[in-house]
Amino acid sequence: MTSIRRQLTEAEKETVLAQQRRDNVLRCFAIDHPIDNESDVEFHHIKPFSEEGPTEVANIGAVCKDHHRRIRTLSLSEFRDQLAMSEFFANPEPRRLDDLLELKLGLSSYGRSVRVARDQPSLLVLHFTDPQRPSQTCPVFTCPATAMKYFYSVIPIAYIRNDSDLQPRPLEPKRVWELYRHLAAHTQLAPAVCRLVGTDIMLFDGQHKSAAQIWAGRQGLDCKVYIEPEVRLLKDTNLIAHDKLRQMAFFTSTLIAKYSDIFKQEWEDYLAKPGPKNESDFVAFLRERGKTSAEAKKMLMMAVEQDVIDDPSNLFSEYIAERNRTRKNPVSISILQKTFFKEFVLPPPTTVEFESLDDFRSEEKHNLVRIMSLVAKKQIVGNWNPEANNAAHQRAERIFGAGAMRAWVPMLRDVVAQVLQLYDAADRQRVLFRTISEPQWALIEGRVERLFTHKVWDDTSPDVVSQLKVNAAEQIRTFLQSRRLTVNWILGGHGA
């Protein structure tokens, strides 16, 4: 009986190495990085030997020793996808299905329009903009309970986009990876669910398995597509028809998505309970599950903070140390917690119903993002440059020192409260927990600009610089007052 060999011959190894050389540089099969020393090369089966992958040149890749140790039981193709997936999710912004489609297809090559023909009530014809792609004729079904129309089809991924209205949640890296491995060996039992609106096919349920299929190279997705549905009816129908895990996706605010990410099973169980849903009730639920009131409130606050930091329009986020480790940055999350979040966020829990007319958490989030972005745009962007360490950078360092921020951010909060004419203590605690008009924003922007035009920030004398660098907020606040940088001055008073 002939034994099955596991190792290449020396000649075959040379052939593999030759295939992976470009411009006389040997590149690792895993992520195509150059390998300087060929003695660091090891060989690995693309299709695993344990799965009857042949030991032949076409099924062997040369990899660096570091990657070879990390492959473990994965195939080389799986390992390459794992590394690429890790790099994709390492982006500081939350990743969604559209981001993956852009990565795989290009910015303008996904979410293409379709043309729909309905010559017969029971049939629908999809015409694609790619002339090489044949049209699809699909039977149209009617839901007996809701009368909504829908059809089934394998939709090319270039004609799909994420439904941000019905699916605001970002992709979860662990879930995508687990489904990627599962679907490599098992069939997909249930289709992804989309809606057809005009010429757009938008996917709102099954985003993780769809992402996994796209990573695996699928060019078409099995889809159930609702035809011009009434959105509220579709939400209600899916809340009833799906299990409690899927209920999370039908809250539209990204903050609710943060709750599900942080609390996981506890959030799922809470959603399954009958009755109203609000922060205070959720804290009581968590206490029943063994958490202290302080722990529960801290976790709710963490969700609010993450929602602000993860907002793609927040210009400040790029300059947070934990979010961007490619350079020295002016602030940490800890400093933000002691400044912007402490001064501008209404501490949870509130008793208002989630996403009711009285729930201004989303407005509070957008208002805080706008204030932080104003500060970043005027004082960090274009100024923060540790490598150059020029005058503009040193000025920014003085402004964004830990002690300095703990002195001027409370002043900024008081200024915003005055602009909004909030004089009651309870109203001032909810300073951003409200709708702010554009005329009010124009006044706030002017006060932010005035705060940073005070001459104390331009003073480079040793005594001023040393005062601003201490980590004692009260000491710096007293110093700023002595230099007549006060709330009254920022509001337009004289004296500086």
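## A lysine in a loop

Lys455 sits in the loop that links helix H19 (438-451) to helix H20 (462-469); helices here are DSSP runs of H or I with at least four residues, strands are runs of E with at least two, and both are numbered from the N terminus. Lys455 is exposed, at a relative accessible area of 57% (exposed is over 50%, buried under 20%, partly exposed in between, with a 1.4 Å probe and protein chains only). From C-alpha to C-alpha, Lys455 and Thr129 are 60 Å apart in space and 326 residues apart in sequence.

This is a predicted model, where local features need pLDDT of at least 70 and side-chain atom pairs count only at pLDDT 80 or more, while totals for chains, interfaces and linings use all residues. Residues are numbered from 1 along each chain as its sequence is written, and side-chain values use heavy atoms, leaving out hydrogens and water.

## A covered strand

Now for strand S13 (residues 220-227): 7 of its 8 residues are buried. Strand S9 (residues 149-156) runs antiparallel to S13, joined by 7 bridges (strands pair if DSSP finds at least two bridges between them). Ile155 has Leu221 in S13 as its bridge partner.

Strand S11 (residues 192-197) runs parallel to S13, with 5 bridges joining them. Here Cys194 has Val225 in S13 as its bridge partner.

## Two helices in contact

H17 (residues 402-419) meets H21 (residues 473-482) through residues including Ala407 and Met411 in H17, and Ile476 and Leu480 in H21 (contact means heavy atoms within 4.5 Å).
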